[in-house]
Amino acid sequence: MSEKTERIISYGMLVLLILSLIPMMYLGRFNHPTGDDYYYGAVTKNVLEETGSVLHTLAEAARGVGVQYQRWQGTYSAMFLMHLPPQLWGDWAYRLFPAVLLLTLIGGIFYLGKPFLCTAMQGSKWFWVTVSAGVSLLAIQTVPTWGETFYWYNGAMYYTGFFALGLYLLGLFARWLYHGGKGKVVAMMVLGLFFAGGNYVSFLPVMLIVAAVLVYLICRKDKRWGGTALVLISLVVGLLISAMAPGNQLRQDGMWQIPIWKAVAKSLVQGIRYVDAWTTIWWWLMAVVLTPFLWKYAPKVKSNLLWLAVFGYGYGVFCSMSCPTFYTMNSTGPARAVAIVYYGYVLTSICGYAWVLAWVKNQWMLLGERHGEKQQYVFAKFSDRKLINKGNYVWISLMIVLLVVQLVQGAFADLSVTVATRSLASDEAAGYEAEYQERIEVWEDKKIQEVILQPYTNRPVMLYVGDFSGDPEEPTNQKLAEYYHKKSVHVEY
């Protein structure tokens, strides 16, 4: 594949990615807070109103972390951010959140991809852009759920946001391994401590990757093991701080906990189910698009044992994402947790596919070395310009066939961009916004102290993640009443 062809395809992938994001980001203008956005934001909102001080508000958020650490859960970094929902600064901030989150996730994919694709695989910048844009497209457009994943601040920040943070941490780690720099180690330790205070689904694979690199460096007596050990220590310390919270045990009493070995076993089996369910035609289509790039820049993999070890460990890292929810809940967890497991699947499966191509290419090269002149003749035939052109025709034809199959099956209707566009075109999102504005008028009316809300009739699948309870004594309802200085709030179902 020529550099010109690479450049054209990379531009095409980037344009597709940008166009697919526009309806999703625009839909954010109809987004608004709900549920735990009010539950955790009530105390900080009142402090901000009373003092007008950002510093006092941040201090109250920190105090809230201490309270929840004792009563509910130890995820200190996430709890701090939960106490600072965007609506504290205005509705405009909450509406902007989905766009910020999407760009953060994509930025993490691009940031992690560059050292691997450009440095490790010695690929061109066009190769990096194409693969990163392709992975971003696949992850965002075919994700199993949307509202909890991109639009609801409390859930999306906690899962998708911290998953993206893990990508930045691994990207920085890779840059340090290749280029060094003591400042990077300090930055990774600080980032690692913050990252460890988030969800365990994102945390566990990152820790396993850093641990594997540490073992590898120690075995090779590489001096970089010291810096890697410091990063791992910061992750472990953060994990211990989070896991030892008294609130975790109080919360766990209401859940179904299973032994660790059983959680690991269930995760390994669930990994097979995920691979079976998520390796769709969309995945194969993206694999076909990326194949010429991955083949061209495939690294040398001469050791079959190394190939199997990396491939197996990669599957283990992917399965580890399911362990926390199986261990604590004996299930795959909420939809927002499954969504980041899906991101992990996209990343590890594309890496696994590239690793398979690298092994096949190197086996072919080894075969050529063994058979001398006869194999050189075969190589010459494969390098023939006419054969390459025929290969390009087959490649393009296969992509067209897969696209037609998806069109006939109606698979385009389930893409994130299509769902967002349909919600905008049907005025469902606008109706949802109108109903929300009616609630705002009631909440801002000081004469009304006992608020009775009507259920939403417009429920856009991307924006609506649930409503408040019909019981005014329900804790979230009470926090909503506190948020707007009301005596009580409930929904009249």
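Which residues are buried in helix α19 (residues 416–425)?

Modeller: Happy to! This is a predicted model, so local features need pLDDT of at least 70 and side-chain atom pairs count only at pLDDT 80 or more, while totals for chains, interfaces and linings use all residues. Residues are numbered from 1 along each chain as its sequence is written, and side-chain values use heavy atoms, with hydrogens and water left out.

Now to the helix itself. In α19, the buried residues are Ser416, Val417, Val419, Ala420 and Ser423. Here, buried means under 20% relative accessible area, exposed over 50% and partly exposed in between, with a 1.4 Å probe and protein chains only. Helices are DSSP runs of H or I with at least four residues, numbered from the N terminus.

Looking down the axis of α19, you find these buried residues within an arc of 165°, so they line one face of the helix. That arc is taken over the directions from the helix axis to the C-beta atoms. As background, an α-helix has 3.6 residues a turn, so residues three or four places apart point the same way.

What does this face meet? The buried residues of α19 pack against α1 (3–27), α6 (125–141) and α20 (428–444), where contact means heavy atoms within 4.5 Å. Just after α19, aspartate 427 adopts a positive phi of about 65°.

For contrast in setting, take isoleucine 233, which lies in helix α11 (residues 225–243). Isoleucine 233 is partly exposed, its relative accessible area being 49%. Its C-alpha atom is separated by 24 Å from that of phenylalanine 116, 117 residues apart along the chain.

Note on methods: Helices (H or I, at least four residues) and strands (E, at least two) are DSSP runs, numbered from the N terminus.
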